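Welcome, and thanks for taking a look at this one with me. Below are some numbered notes to read alongside the structure.

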Amino acid sequence: MTKGFHGFSSSPASPVISRPDFNVVIDTSPFLSPESVTIPRDVTLSVTKFRKRFGFDVSIAFDVVFCEIRVLILHITYPSRTAMDSLNFTNETALKQVRDENYRLEEAVISNKIINKDEQKLAIQKRTGGWKYASILLVNQGLATLAFFGVGVNLVLFLTRVLGQDNASAANNVSKWTGTVYMCSLIGAFLSDSYWGRYLTCTIFQLIFVLGLSLLSISSGLFLVKPAGCGDGKITCMPTSSVGTAIFYLAIYLIAFGYGGHQPTIATFGSDQFDEANPKEKSSKAAFFCYFYFSLNAGSLFSNTILAYYEDSGRWTLGFLVSLGSAVLALVLFWSGTRRYRYVQAYGNPLPRIAQVFVAVARKWDVIVPANSDELYEVEGPESAIKGSRKIIHCNEFAFLDKAATITENDLAGRANPWRLCTVTQVEEAKCVLKMIPIWLCTIIYSVIFTQMASLFVEQGDVMNSNIGNFHLPAASMSAFDVCSVLICTGIYRQILVPLAGKLSGNPKGLTELQRMGIGLIIGMLAMVAAGVTEIERLRHVIPGEKVSTLSIFWQIPQYVLVGASEVFMYIGQLEFFNDQAPDGIKSFGSSLCMASMSLGNYTSSLLVNMIMKITGKGDKPGWIPEDLNTGHMDRFYFLIAVLTAFDFVFYLFCAKWYKAIVLEDSVKEVPMENKQEDVLSIV
């Protein structure tokens, strides 16, 4: 009898554990020591074959199971605590060895699972996303922009020459239409983040875009441009029919809806093709927004030159058909990468999440927030309560919102109610939106500057000397200097300014997004000053009785170039800033804020024009922006925008200094040693 079992008067019956599938029969007599509990040879051979076929994971799993069988046998054999206390030192040592081996195997399983998971992720990343498929989206953006600006670049002239509207009304209508384009970006971003996902959202809005361009081509060719070739500034078009006008407005607002909803979503979808956890891809993601705006302007270059020329010469329908073809090609190209894109799921409607925070704060207005942020409510584990979204580290801004995450006795008594108790991540998501709003509001005045290129700059150039020998240069084509400025300044910024500023500041991005946006405001203000100076000179070269000034249209080059340079700093900075600072659940919303600022900028421009005309056009005074620009003072309007931009810049400095960046937790954390035994059960 083995030493340590004197308490038994007789040997208990030997229980038998059997597994028919492996034909295992193990005698668990109490006379057996733990060392003698072995696996029969036939089972060992079967397991060895199974290991060779199915690999390391299965091998480890069997080892864990067999170790647990040994421990289980000990419990079955010695159920009495008295008997267990009488185990000799040899048996206790053997039990400890079994347990140690068990833990070692568990760690091996976890390590191997994590390695396999990372290997699978790397394998998927090699087949999907990256620059190869992000480039498809860049070309898609270029073609879609070509189609859009094929309509927008000369829209103000189409309204005046074909539909017979006056200058102020046409400028206002263009501003409202452009504002609608970018306001629709909020709709696209909402549907993308909440329900449809980015791929489906891009597809649906591009289809709407194509439909709008089709209707525009039909209305132009069949109803509006009559006789053929009219609207070139020489041949007057016949009065338009109500049916043709109705189809025209339906078409251009479908174009606004389609392009607006597609724009922010395609930008975010493109950034999804790069993994932030990979340092190399993270830097590529930052560069993507720069090339995104580059492709946007490359597409508009063709519209602002070739298409603008054909439309200005009266071939409106041809220009619209080219835009339609470009949009169709963009859609087909977008579909070509369907199987190799990287997809991010929709995170659900963010509006209820944000509303829950404010409702919870209202219900707990008298609650005192704990001094230690660790006492605020947050779910366990690496994932947040927002499915698929990373957790956000607590910040001290808008501290009153922390009441929503403060745990009270009522919260502990009943079931969790998100309208009374919100997680820290949910509260921080609401804070992020509130923190971005002041920065966003400061960009609206800049958008007022930008929208002048599609309205007043074109009307100004239309009454300047644009003849080069026998060739007439369309006024809208001057925006090509803006595009070229963007393309050149983008290259200078990426290749020269970023490395230089990076060495001086220590920031690998060169300048921060907020610094770039501030520089963009200053350059935009200078562009308005240049436009005002050009208008003063234009008025000085007006010959009485003549509509067109003798001043060359090339005097507009400085204002276009300055606007283009400001775009590189302002709009690329905005795209990076709002996309980077928006939480995971509202990424497309962040990108749409850039477009929404353009929208409100257009509406603000329209409001300013109406106010200025009412104030300056009283009585017999023509006002600053009359039908006959030679009798007005558009230069004063430009200087007014420059002054407003200067005030806006001062306010922006305070907002940028106050702003604190969002801090996200890592989505994957190392598993603590004490939790590995529990985790291995789910893995095996």
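1. A word on terms before we start: Ala, Val, Leu, Ile, Met, Phe, Trp, Tyr, Cys and Pro count here as nonpolar, Asp, Glu, Lys and Arg as charged, and the others, Gly among them, as polar. This is a predicted model, in which local features need pLDDT of at least 70, side-chain atom pairs count only at pLDDT 80 or more, and totals for chains, interfaces and linings use all residues. Residues are numbered from 1 along each chain as its sequence is written, and side-chain values use heavy atoms, with hydrogens and water left out.

2. Let us begin with the second largest pocket. On a 1 Å grid over the protein atoms alone, a pocket is an open set of points with protein on both sides within 12 Å along at least five of seven lines, while a cavity is a set of points where a 1.4 Å probe fits but cannot get out; lining residues have an atom within 4 Å of a point.

3. The most comes from α6, with four residues. By residue type, the lining of the second largest pocket splits into 13 polar, ten charged and nine nonpolar.

4. Phe-149, Tyr-182, Phe-450, Met-453 and Ala-454 are the closest to its centre, out of 31 lining residues. Elements giving two or more residues to this lining include α5 (130-152), α7 (167-196), α15 (444-451) and α17. The largest share, five residues, is from α10. The lining of the largest cavity has 20 nonpolar residues, nine polar and two charged.

5. How many disulfides are there? There is one, taking a disulfide as a pair of cysteine sulfur atoms within 2.5 Å. Cys-230 and Cys-237 are the partners, with 2.0 Å from S to S, and their link is right-handed, with 95° about the S-S bond. Cys-230 is buried at 0% relative accessibility, and Cys-237 is buried at 10%; buried means under 20% relative accessible area, exposed over 50%, and partly exposed in between (1.4 Å probe, protein chains only).

6. Two other cysteines deserve a look. Cys-395 is in no disulfide, and the nearest cysteine sulfur, that of Cys-432, is 6.8 Å away. Cys-655 is in no disulfide either, with the sulfur of Cys-442 the nearest at 4.1 Å. Cys-395 counts as buried at 14% relative accessibility, and Cys-655 is buried at 7%.

7. Helix α17 (residues 479-505) spans only 34 Å between its end C-alpha atoms, whereas a straight helix of 27 residues would span 39 Å at 1.5 Å a residue; the expected span is 1.5 Å times one less than the number of residues. α17 bends by about 40° at Tyr-493, where the bend is the angle between axes fitted to the seven residues ending at a residue and the seven starting there. Tyr-493 is one of the buried residues of α17, which also include Val-483, Leu-487 and Val-498.

8. For α19, the end C-alpha atoms are 35 Å apart, which agrees with the 36 Å that its 25 residues should span. α19 bends by about 35° at Glu-567. Why is α19 described as largely enclosed by the rest of the structure? Because 20 of its 25 residues are buried.

9. Finally, some loop details. Lys-226 and Pro-227 are joined by a cis peptide bond, with omega about -5°, and Pro-227 lies in the loop between α8 (198-224) and α9. Phe-398, in the loop between α12 (350-363) and α13 (409-413), has a positive phi near 50° although it is not a glycine. Phe-398 is partly exposed at 26% relative accessible area.
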